[in-house]
Amino acid sequence: MTQTNSREADHPDADVIIIGAGISGSAAAKALHDQGKTVLIVEANDRIGGRTWTDPEGAPGGPIDNGGMFIGETHRHLIELGTSLGLEMTPSGKPGEDTYVVLGNVLRAPDEELDPALPFVPEFRSSLEALDALADRVGWDSPWSSTDAAVLDSKTVATWLSESIESAEVRKLHTLIVNAILGADPYEVSLLYWAYYVSQCEGIQSLMGTRDGAQWAWWFGGAAQVSWRIADAIGRDKVLLNWPVDRIEQDDIGVTVFSGQRRLRAAHVVMAMSPVASNRIRFEPALPTARAQLQARAPMGRYYKLQARYPVSFWVDQGYSGALVDTDDVGVFLLDGTKPTDTLATLIGFVGGTNYDRWAARTPEERERAFLDLLVKAFGPQAAEPTYFHETDWTQQEWARGGPVTYMPPGVLSNFGAALRDPVGRVHFAGTEASIQWSGYMEGGVRAGQKAAAAIVEELG
């Protein structure tokens, strides 16, 4: 390890420096603060929240989440943290029929279930069961050690679809699911990684849920409030914005973190950021090969979040829940995003992977028109004239570098996956990707942050 001068060693700025003021870094900071440790959070952005990005006043109708927002039924770490900060939840699901647009057909799904008489539905159901069975085999604790890990990691999800599914409709649906959940296309994603991801999120039905599972509730007032209230609790002066870290030097007794000519010193560091974002930082000494390879070879997804607001929830009045799975026109997974305190009704769409690529090639005007045309197709002419329309392109967020989560191409998870969670000396890794379960969700971020904090408290004593 590198050497440091005695002045730096004798006068640390904090016990722990946390890189990233998103929900994972904030959760780590609170856990450390509650144990009497001194913390500083450094954040590259000019705002607190990271991949949770709430705009409290910039949109008509109520606060709006441009990033992560969903609370799952089993997200107990997040729920405990949020409620301890005084936040309240509201259920996300709406009554009515879900809608599917598949190969030109608009199909309705009462109680989230497509008509079993449709020719492709039996194979769709059996394919979801087969995916869950594969996920159970791989598991979430150490998927790189699972049976046939190397074989599964040599294949893409697209290969699995072509080998195991006959129906064009079913392949289309699976393609949309991967695009919407990971922000990547099946041909880009390792089959081992997809099976692991499904396992650690408690199954594909949970991931696809429109009323329960992973999409069960929201926080009144927006998701970034978790990080805002933690900042208030530990002291806003402990959160340094516009502080992008570009170098970390580690020695036998501490860590020095640099942002240009600025520097801070602590006993430990928590990196609460995605692997690819971490790859922008130079480490002295260099990171072990496994961690360096992981950071270089595990990209973020490509993602748009689309939001349209209307005077009323006309779709609910017509018997529709607002949930829409579109494999054709836009390639979007859509949900009703209206909270009881909102004065406008909201439809929220997620466009990822190759659907993102097609979407990004259009002009903003073309994208808005195409999105509204799809809503008219699904819910009728009232969808043509929203009061408000907004899109967030997460690839354009400089410090996130994509969304909603990291995905892994073939050959990465089986060889370098353990480096997601293993500390390197005094540097500990958080961020939602480092969580054993619920990676990609706020719950995963909270778990990873709290785990890193607990490990540091044990070391500091």
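In which helix is Ala-296 found? Is Ala-296 buried or exposed? And which strand do eight bridges join to S14?

A: Ala-296 is found in helix H12, residues 289-297. Helices here are DSSP runs of H or I with at least four residues, strands are runs of E with at least two, and both are numbered from the N terminus. The model is predicted: local features need pLDDT of at least 70, side-chain atom pairs count only at pLDDT 80 or more, and totals for chains, interfaces and linings use all residues. Residues are numbered from 1 along each chain as its sequence is written, and side-chain values use heavy atoms, with hydrogens and water left out.

Confidence comes next. pLDDT is the predictor's confidence in each residue, from 0 to 100. The protein averages 95, and 98% of the residues score at least 70. Residues 1-7 stay under 50. For that stretch the model has 14 contacts beyond four places in sequence, a contact being heavy atoms within 4.5 Å.

Back to Ala-296. Ala-296 counts as exposed because its relative accessibility is 52%. The cut-offs are under 20% relative accessible area for buried, over 50% for exposed and partly exposed in between, with a 1.4 Å probe and protein chains only. Asn-279 lies 17 residues away along the chain, yet its C-alpha atom is 6.4 Å from that of Ala-296.

Now strand S14, residues 303-310. Eight of its eight residues are buried. Both faces are covered. One side carries Tyr-303, Lys-305, Gln-307 and Arg-309. The other carries Tyr-304, Leu-306, Ala-308 and Tyr-310.

S14 has strand partners. Two strands pair if DSSP finds at least two bridges between them. Eight bridges join S14 to strand S17 (345-352), and the two run antiparallel. Tyr-303 stands opposite Gly-352 in S17. Six bridges join S14 to strand S18 (388-393), also antiparallel. There, Ala-308 has Phe-389 as its bridge partner.

Rolling a probe the size of a water molecule over the atoms shows where empty space is left. A cavity is a set of points, on a 1 Å grid over the protein atoms alone, where a 1.4 Å probe fits but cannot get out; lining residues have an atom within 4 Å of a point. Points are joined across faces, edges and corners, and the volume is the space filled by probe spheres set on them. The whole structure has four cavities of 30 Å³ or more.

The second largest cavity has a volume of about 50 Å³. Its lining includes Gln-307, Arg-309, Thr-346 and Ile-348. S14, S17 and strand S4 (64-65) each give two or more residues to that lining. By class, the lining has four nonpolar, three polar and four charged residues. Ala, Val, Leu, Ile, Met, Phe, Trp, Tyr, Cys and Pro count as nonpolar, Asp, Glu, Lys and Arg as charged, and the others, Gly among them, as polar.

The largest cavity has a volume of about 80 Å³. Its lining has 14 residues, with Ser-92, Gly-93, Thr-210, Leu-335 and Asp-336 nearest the centre. Strands S15 (320-326) and S16 (333-336) give two or more residues. S15 gives the most, three.

Definitions and conventions: On a 1 Å grid over the protein atoms alone, a cavity is a set of points where a 1.4 Å probe fits but cannot get out, and a pocket is an open set with protein on both sides within 12 Å along at least five of seven lines; lining residues have an atom within 4 Å of a point.
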